[in-house]
Amino acid sequence: PPQVSFTLELEFSCTILLDRAEVMLQATSDSTEATPQDNVVKLSVPIRYEPNLFLSSNTNLHRYEVHPLGTFIHSSGPEFTTTVKVQNLGCYPIQNVTLHMALPALGHHQATILSITHVLAENATCVLQPPDERTQVVPVPPEDLQHMDR
C-alpha cells in the first residue's frame with residue numbers, strides 16, 4: 001500500500017507553557033473502505049523547553065606575583081573579587097539551577113594559596129563545602145625558572 005511521510009514543526013508561545021502537545025491525524029478518502037476506524041490516530045508527546053543559560057565571570061585581579069617559597073606562609077596576598085553571573089537569555093522560566101565551582105587552592109607541599117573570605121549572593125543560595133575524599137584537588141606543581149633564558 002502507498003505511504004505518505006510528513007513532518008510537523010510546532011512553535012510554542014513564551015507566555016503559555018504546556019506540559020504536552022496533543023495532535024489528532026485523520027485520513028479521508030473518496031473510496032469505500034472496509035475499516036475506516038483505523039484512519040484516525042491521536043498522538044500525545046511531552047514538551048521539554050530548551051534553556052538558554054549564559055554564564056559569565058569577572059575578576060578585579062588578573063595577575064599576582066607569588067613570592068619565593070617560605071615567605072607566603074605568614075602573610076596572605078591581596079584580596080580580590082570574582083563575580084559569577086548566571087543569566088537566562090531564553091523566554092522560558094528555569095528552575096532548580098545548580099552551579100558547582102571548584103577553586104584551585106593548593107600550591108607546593110599542599111600550601112594553601114587561595115581561600116574564600118566571604119560570599120555575597122543575589123537571588124541564590126550558596127553553600128561552601130570543603131573538599132572531601134571524593135573531590136580530587138590537584139596541587140599546582142612547583143616551577144623553577146631561574147635557569148631559563150626565557
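Modeller: Ala121 is found in the segment after β4, where strands (E, at least two residues) and helices (H or I, at least four) are DSSP runs, numbered from the N terminus. This is a predicted model, in which local features need pLDDT of at least 70 and side-chain atom pairs count only at pLDDT 80 or more, while totals for chains, interfaces and linings use all residues. Residues are numbered from 1 along each chain as its sequence is written, and side-chain values use heavy atoms, with hydrogens and water left out.

Biologist: What makes Ala121 buried, partly exposed or exposed?

Modeller: Buried means under 20% relative accessible area, exposed means over 50%, and partly exposed lies in between, with a 1.4 Å probe and protein chains only. Ala121 has a relative accessible area of 41%, so Ala121 is partly exposed. The C-alpha atoms of Ala121 and Val84 are separated by 9.7 Å, although these two residues are 37 apart along the chain.

Biologist: Which elements does the protein chain have, and in what order do they run?

Modeller: The protein chain has four strands and zero helices, and from the N terminus on its elements run β-β-β-β. Of its 150 residues, 5% count as buried.

Biologist: Why are Asn96 and Asn123 placed in one exposure class or another?

Modeller: Asn96, in the segment after β4 (82-88), has 76% relative accessibility and therefore counts as exposed. Asn123, which also lies in the segment after β4, reaches 85% and so counts as exposed. For Asn96, phi is near 55 degrees, a positive value in a residue other than glycine, and for Asn123 phi is again near 55 degrees.

Biologist: How do you know that Cys14 and Cys91 are joined?

Modeller: A disulfide is called when a pair of cysteine sulfur atoms lies within 2.5 Å. The sulfur atoms of Cys14 and Cys91 are 1.9 Å apart, so the pair meets that rule and is called a disulfide. By this rule the count comes to one disulfide. The angle about its S-S bond is -60 degrees, and the link is left-handed. Cys14 lies in the segment before β1 (20-26) and Cys91 in the segment after β4, so the link ties together parts that are 77 residues apart in sequence. In general, a disulfide is a covalent bond between the sulfur atoms of two cysteines.

Biologist: Which residues does Tyr49 touch, and what is its link to Leu18?

Modeller: Tyr49 sits in the loop between β2 (40-46) and β3, and its 25% relative accessibility means that Tyr49 counts as partly exposed. A contact means heavy atoms within 4.5 Å, and, leaving out residues up to four places away in sequence, Tyr49 touches Phe12, Ile16, Leu17, Leu18 and Tyr92.

Biologist: Why is the pair of Thr59 and Thr82 called a polar contact?

Modeller: A polar contact is a pair of N or O atoms within 3.5 Å; within protein, one must be able to donate a hydrogen and the other to accept it, and residues adjacent in sequence count only if both atoms are side-chain atoms. The side chains of Thr59 and Thr82 are paired at 3.4 Å, so this pair falls inside the limit. Thr59 lies in strand β3 (residues 53-59), and a polar atom of its side chain is also 3.4 Å from the backbone nitrogen of Leu61. Apart from residues up to four places away in sequence, Thr59 touches Phe80, Thr81 and Thr82.

Biologist: How much of the contacts with a separation of 6 or more comes from residues 24 or more positions apart?

Modeller: In the protein chain, such residues account for 55% of those contacts.
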